[in-house]
Amino acid sequence: MASATSFYDFKPADKKGNEVDLSEYKGKVVLVVNTASKCGFTPQYAGLEKLYKDIKEKHGDDFVVLGFPCNQFGSQEPGTDDDIQSFCQVNYGVSFPIMGKTDVNGDQASPLFEWMKTEKPGLMGLKRVKWNFEKFLIGRDGQVKNRWASTTKPETLEKPILEQLETKA
């Protein structure tokens, strides 16, 4: 999608394979995370859920976390979309949306992830996702504001998220 100018231009698949028009998140702050159920970083689901609930309590629907399960790193997300949903709810009480399984790198990479990687390249300008649980912060204006590595714990993201919530679209 070469003509994309914002997060809202994309329509990734949800857990049932249906398109989700990201323009429904217009004016919100969104944390996009590529996730996996069998990864050393999987316990970050708990931190993401706490962050989501804590900020939602103060800011209502102005903030959302979107999880994008990915099986490209060590085959650490082998299950079906239904398996993934169940795992997230049973083990971590995840209440934020978990989308359909998504490729984040390579020939089949999601156009959304291609766009985010171009907008905010990683370390040394690399335009690829390095591992599970990389995080992209989307501002109210639909632009990528920040990107964090897998090792960045969700609880450390509250301040930059709150700063984005203070800005108007």
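The axes of helices H1 and H2 come within 10 Å and cross at roughly 75°. That makes H1 roughly perpendicular to H2 (a term for angles of 65 to 115 degrees). Tyr45, Ala46 and Glu49 of H1 touch Phe87, Cys88 and Tyr92 of H2, where contact means heavy atoms within 4.5 Å. Five of these residues are nonpolar, none is polar and one is charged.

This is a predicted model: local features need pLDDT of at least 70, side-chain atom pairs count only at pLDDT 80 or more, and totals for chains, interfaces and linings use all residues. Residues are numbered from 1 along each chain as its sequence is written, and side-chain values use heavy atoms, without hydrogens and water.

H1 covers residues 44–59. Its 16 residues should span 22 Å at 1.5 Å a residue, and its end C-alpha atoms are 22 Å apart, which agrees. Among its buried residues are Tyr45, Leu48 and Ile55 (buried means under 20% relative accessible area, exposed over 50%, partly exposed in between, with a 1.4 Å probe and protein chains only). Just after H1, glycine 60 takes a positive phi of about 55°.

The structure holds ten aromatic pairs. Rings of Phe, Tyr and Trp (its six-membered ring) pair if their centres lie within 6.5 Å; planes under 30 degrees apart are stacked, over 60 edge-to-face, and the rest tilted. Two pairs follow.

| Pair | Type | Centre to centre | Angle between planes |
|---|---|---|---|
| Phenylalanine 68 and phenylalanine 113 | edge-to-face | 5.4 Å | 85° |
| Phenylalanine 73 and tryptophan 131 | tilted | 5.4 Å | 45° |

Phenylalanine 73 lies in the loop between S2 and H2 and tryptophan 131 in the loop between H3 and S3, so their pair ties together parts 58 residues apart in sequence. Phenylalanine 73 is buried, at 5% relative accessible area. Tryptophan 131 is partly exposed, at 31%.

How values were computed. Helix = DSSP H or I, 4+ residues; strand = E, 2+ residues; numbered from the N terminus. Expected span 1.5 Å × (residues − 1). Axes fitted to C-alpha atoms, helices over the stretch in contact; angles between N-to-C directions. Parallel < 35°, antiparallel > 145°, perpendicular 65-115°, else oblique. Nonpolar A, V, L, I, M, F, W, Y, C, P; charged D, E, K, R; others polar.
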